[in-house]
Amino acid sequence: MLRSPAGEISPDQVEEIGVPELESAGATDVAVQPRVSIAGSESSHITAKFGSEGVLYWVEQYYPTNAGQTYVVTFSFSETLAA
């Protein structure tokens with residue numbers, strides 16, 4: 001989990017800025033998923049595929065906010081891992 005350097009970011013801002021930001025970092029298949037509730041706060045949910053040295057993996061990112069601070073929570077999974 002990382003703290004957003006911008007402090008609090010709305011789900012609309014995350015979804016607008018997050019997709020091109022992930023793509024500029026080399027992600028493919030970037031998609032905004034339905035929002036979820038984390039600890040009573042509406043959170044954006046973005047998925048993307050990354051590759052490093054021929055190894056492909058998926059990331060699931062969530063952006064919960066608490067006390068005026070948004071956090072970036074990332075889970076990474078092997079591309080071959082079953083759903």
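## Aromatic pairs

Rings of Phe, Tyr and Trp (its six-membered ring) pair if their centres lie within 6.5 Å; planes under 30 degrees apart are called stacked, over 60 edge-to-face, and the rest tilted. By that rule, this structure has two aromatic pairs. Take F50 and Y57: their ring centres sit 5.9 Å apart with planes at 20 degrees, so this pair is stacked. The other case is Y62 with F75, where the centres are 6.2 Å apart and the planes stand at 75 degrees, so we call it edge-to-face.

How exposed are these rings? Buried means under 20% relative accessible area, exposed means over 50%, and partly exposed is in between (1.4 Å probe, protein chains only). F50 is buried at 15%, while Y57 is partly exposed at 27%. F75 is partly exposed too, at 42%.

## About the model

What you're looking at is a predicted model, in which local features need pLDDT of at least 70 and side-chain atom pairs count only at pLDDT 80 or more, while totals for chains, interfaces and linings use all residues. Residues are numbered from 1 along each chain as its sequence is written, and side-chain values use heavy atoms, with hydrogens and water left out.

## Strands side by side

Helices (H or I, at least four residues) and strands (E, at least two) are DSSP runs, numbered from the N terminus. Two strands pair if DSSP finds at least two bridges between them. Strand β3 (residues 41-52) runs antiparallel to β4, with eight bridges, and A48 faces V59 in β4. Two residues separate the strands of this hairpin, and E53 has a positive phi near 50 degrees there.

β4 also pairs with β6 in the antiparallel sense, this time over six bridges. Y62 has V73 in β6 as its bridge partner.

## Salt bridges

A salt bridge here is a side-chain nitrogen of Lys or Arg within 4 Å of a carboxyl oxygen of Asp or Glu. The structure has four of them. One joins D12 and R35 at 2.6 Å, N to O. It links distant parts of the chain, as D12 is in helix α1 (residues 11-24) and R35 in strand β2 (residues 28-38), 23 residues apart. D12 is exposed at 52%, and R35 is partly exposed at 31%.

R35 also meets E42, at 3.3 Å, N to O. Through shared partners, salt bridges join D12, E15, R35 and E42 into one network. Elsewhere, D29 and K49 meet at 3.7 Å, N to O. Here K49 is buried at 16%, whereas D29 is partly exposed at 48%.
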